[in-house]
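Hello,

Here is the structure I promised to pass along. Please have a look at it first, and my notes follow below.

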Amino acid sequence: MMMTAIEAGLRKSWGWMAAFAVISLIGGVLALLNPLAATLTATLMAGWAFAFLGALQVFQSFQIKGWGGFIWALLFGLLTLAVGLSLIFDPLAGMISLTILVAVLFLVTGIVKIMLSFSLRPLTGWGWVLLSGIVSLVLGIMILADILSAATQVLGILLGIELISNGVLFLFTAIGLRNLR
């Protein structure tokens, strides 16, 4: 009896999931059509998130009187707040910083995947891990080779791909929910 009530509730929610899919797919396509605007939006969103979290951390650090970690919590909050404000008030520099961070992430994960592939070498499919590592490494090098151009495009393209991926996920989830019996 309890399971059918849960299933009925889930089935009713398919419309919301379909709406999320449409919004996400449209957002992803728009991001891919204008990567600069999407990159700027992603940078500003990150800035506001850091600023909000930093302000909360500063506030929280004053909540416990006599705590030995007060200064560290306060410094962490101030640093996070400063990063956020920096991204908000100078988003172009923030775009470059975040793009460098993405490039370094690609380089590091590429190296790790390549090393992992060699340790998997006796197993079937180790070559796919090696190929994935090489792709990550090449992407990181390509981004760093033309950082100014990449800074205006990369984050927006990645955001667009992520939104489309989420849209597909939401769409198939909505279809599954709608077909619940």
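Read along the sequence, the pattern is α-α-α-α-α-α-α-α, that is, eight helices and zero strands. Helices here are DSSP runs of H or I with at least four residues, strands are runs of E with at least two, and both are numbered from the N terminus. The chain is more spread out than a compact globule, because its radius of gyration is 22 Å, well over the 16 Å that the globule rule gives for 181 residues. That radius is taken over C-alpha atoms, and the rule is 2.2 Å times the number of residues to the power 0.38.

Before the details, a word on the source: this is a predicted model, in which local features need pLDDT of at least 70 and side-chain atom pairs count only at pLDDT 80 or more, while totals for chains, interfaces and linings use all residues. Residues are numbered from 1 along each chain as its sequence is written, and side-chain values use heavy atoms, with hydrogens and water left out.

Overall figures

Along the principal axes, the C-alpha atoms fill a box of roughly 55 × 50 × 40 Å. The accessible surface is about 11700 Å², with 79% of it belonging to carbon and sulfur atoms; areas come from the Shrake-Rupley method with a 1.4 Å probe, and for residues only the protein chains shown count as cover. Buried residues make up 28% of the 181, where buried means under 20% relative accessible area, exposed over 50%, and partly exposed in between (1.4 Å probe, protein chains only). Of the contacts (heavy atoms within 4.5 Å) between residues at least 6 apart in sequence, 78% join residues at least 24 apart.

Helix H4

The 20 residues of H4 (70-89) should span 28 Å at 1.5 Å a residue, and the end C-alpha atoms are 28 Å apart, which agrees. The expected span is 1.5 Å times one less than the number of residues. Buried in H4 are Ala 73, Leu 74, Gly 77, Thr 80, Gly 84, Leu 87 and Ile 88. Seen down the axis of H4, these fall within an arc of 160 degrees, so they line one face of the helix; the arc is that of the directions from the helix axis to the C-beta atoms. Cover for them includes helices H3 (35-61) and H5 (91-119). On the other side of H4, Trp 72, Leu 79 and Phe 89 are exposed.

Helix H6

What lies on the buried side of H6? Its buried residues are Leu 130, Gly 133, Ser 136, Gly 140 and Ile 143. They cover an arc of only 160 degrees around the axis, which puts them on the same side of H6. H5, H7 (147-151) and H8 (154-178) are among what covers them. The face turned away carries the exposed Trp 128, Met 142 and Ala 145.

The core and H5

The largest nonpolar core has 10 residues: Leu 87, Leu 98, Val 102, Ala 103, Phe 106, Ile 143, Ile 147, Ala 150, Val 154 and Leu 155. Such a core is a set of buried Ala, Val, Leu, Ile, Met, Phe, Trp, Tyr and Cys residues joined through side-chain atoms within 4.5 Å. H5, H7 and H8 each supply at least two of its residues, and the largest share, four, comes from H5. Leaving aside neighbours within four places in sequence, Val 102 contacts Ile 143, Val 154, Leu 155 and Leu 158.

Ser 117 also sits in H5 and counts as buried because its relative accessibility is 0%. Beyond its neighbours within four places in sequence, Ser 117 is in contact with Trp 126, Val 129 and Leu 130.

Best wishes
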